[in-house]
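The sequence and structure come first, and the description begins from one residue.

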Amino acid sequence: MAQLEADALIVPVFEGAREGRFGIPELIESGEVTGKSLELTLIHHPQGVLARRVLAAGAGKAEKFDASELRRLVGAAVRFLKTKSVKKVALALDSALATAGNVSAAVEGAILGSFEPDRHKTDDDRKSLESFTVAAEGGSGDVAGAAERGRILGEAQNFTRDLVNEPANLLTPLLLAEAARKMAAEFQLEYEVLDGQQMAKLGMGALLGVAQGSAEPPVLIVVRYKPAAGDSKAHLGLVGKGVTFDTGGISIKSADGMEKMKYDMAGGASMLGAMRAIAQLKPAIPVTAFVPCVENMPGSRAQRPGDIVTAMSGKTIEVINTDAEGRLILADALHYAKQQGCTHLVDAATLTGAIVVALGHLNVGLFANDGGMRDRVLAASKAEGERMWNMPLEDDYKDYLKSPFADIANVGGRWGGAVTAAMFLKEFAGDTPWVHLDIAGTAWIDDNKPYVSKGPSGVPVRTLVRLAMDW
Ligand code: BES
Ligand code: ZN
Ligand code: ZN
């Protein structure tokens, strides 16, 4: 570690601990370094180390420390160092910290911390790292493999974040499909796209009803991963909402903040990011992603409130509010995923403002029709530090979706909006074990955080990959 050549060496310092190296003891003594979570102290010309700088990085209380805390610590350190034009960064993990899980999280933190949502800025003083090295002293387990896993996961999340960040004029449904095709080709995944005609043949009236208000044609992207050994009975389907822009349609949204609705395809982008990692990490279970993509616009052919559409499942839907479009496109995509042989389903969607009211920006709203499936997803989310909260999905809520004219209405009135949206999807998931993730509050971060920039978060890519890997 002392021999490591780097522009800066990140050294985690715990609260109340006696970090005895690199001139840090004096700074602890003087009270400048306390070890409080995410406190950063840059030390120039450190003693006893080849690195040009040491960054003492607060790791908080030792008993609270875990891989998630390390991910944040590295993210914050990298974001700090890159503003100082530091290029070569290393992280010092002593033998107690050098576990596979920590190494993986550290690499993720560095890659996630490097992301900026500024790719369309033309000034060229944008700052980025050249390299990130983990110096793991006497590490336990497969540390090199863990670093590689961290790289794959970090890059997959940034791939998703880049897509989510893209404005709707530069990322139409067709262009999203093109991005998926390129990704699939790069990582040897099967790729297929259904166009409007094919979807009409399949009877996807709910999806096509949303699409008809826009000049941009809709697509259903399908990306398939098949494991080498084909003996898995289970087949995981990942269904992601891909509304490249949500004006609300004829039930148009107010202008205030509407520009943010470019992120209404974050669910779909998360599924594509997860597939990108899955292709490289190769879980034993087959996984297929389905991304229904539309632009929700109030064009002259747009559907009207009161219109009745017939979903692929045969159910008729009264469209009370054209802004509740996500559930309409997911209804057909969920049905199609089942028809394609998926035995277990997860969907992710920026579905409701109501989930933001209920849970704020910290927890994904999780809804499940099956206890086993819920437990699997919750376990994966916990292991990956992507917070999710189990929400109710009791049949009594179904009454909220009654329509006098059709089998079901697409909205359920004022109360429990996230639950009624999930109830609507449940009708189309049917008996297939299924989890719905409402990511409206968590897919986008409104303000810069020390460890991650504002903009798309990449949630829930890590959880989805872990779910497939741990199956
Ligand atoms: N894309 C929105 C949900 C949304 C709201 C995402 C805020 C992110 C932030 C969705 O299509 C929508 O408009 N939902 C409506 C449903 C309502 C009409 C029942 C909503 O939440 O207001
Ligand atoms: Zn909407
Ligand atoms: Zn929407």
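## Surroundings of one leucine

In this predicted model, leucine 437 is in contact (heavy atoms within 4.5 Å) with Val346, Asp347, Ala348, Ala349, Val364, Gly365, Leu366, Val377, Met388 and Pro460, leaving aside its neighbours within four places in sequence.

## Nonpolar cores

Leu437 is also, together with Ile221, Leu238, Leu272 and Met275, among the residues with the most contacts inside the largest nonpolar core, which has 63 residues. Such a core is a set of buried Ala, Val, Leu, Ile, Met, Phe, Trp, Tyr and Cys residues joined through side-chain atoms within 4.5 Å, where buried means under 20% relative accessible area with a 1.4 Å probe, protein chains only. Helix 8, residues 266–281, gives the most to this core, with 10 residues; helices are DSSP runs of H or I with at least four residues, and strands are E runs of at least two, numbered from the N terminus.

Apart from this core lies another, of 49 residues, including Leu194, Val239, Leu401 and Phe424.

## The chain as a whole

The chain has 13 helices and 19 strands, and buried residues make up 57% of its 471 residues. Along the principal axes, its C-alpha trace spans about 75 × 50 × 40 Å. Of the contacts with a separation of 6 or more, 77% are accounted for by residues 24 or more positions apart.

## Basis of the values

Local features need pLDDT of at least 70 and side-chain atom pairs count only at pLDDT 80 or more, whereas totals for chains, interfaces and linings use all residues. Residues are numbered from 1 along each chain as its sequence is written, and side-chain values use heavy atoms, with hydrogens and water left out.

Conventions: Chains are lettered from A and ligands numbered from 1 in the order in which they are written. Buried means under 20% relative accessible area, exposed over 50%, partly exposed in between (1.4 Å probe, protein chains only).
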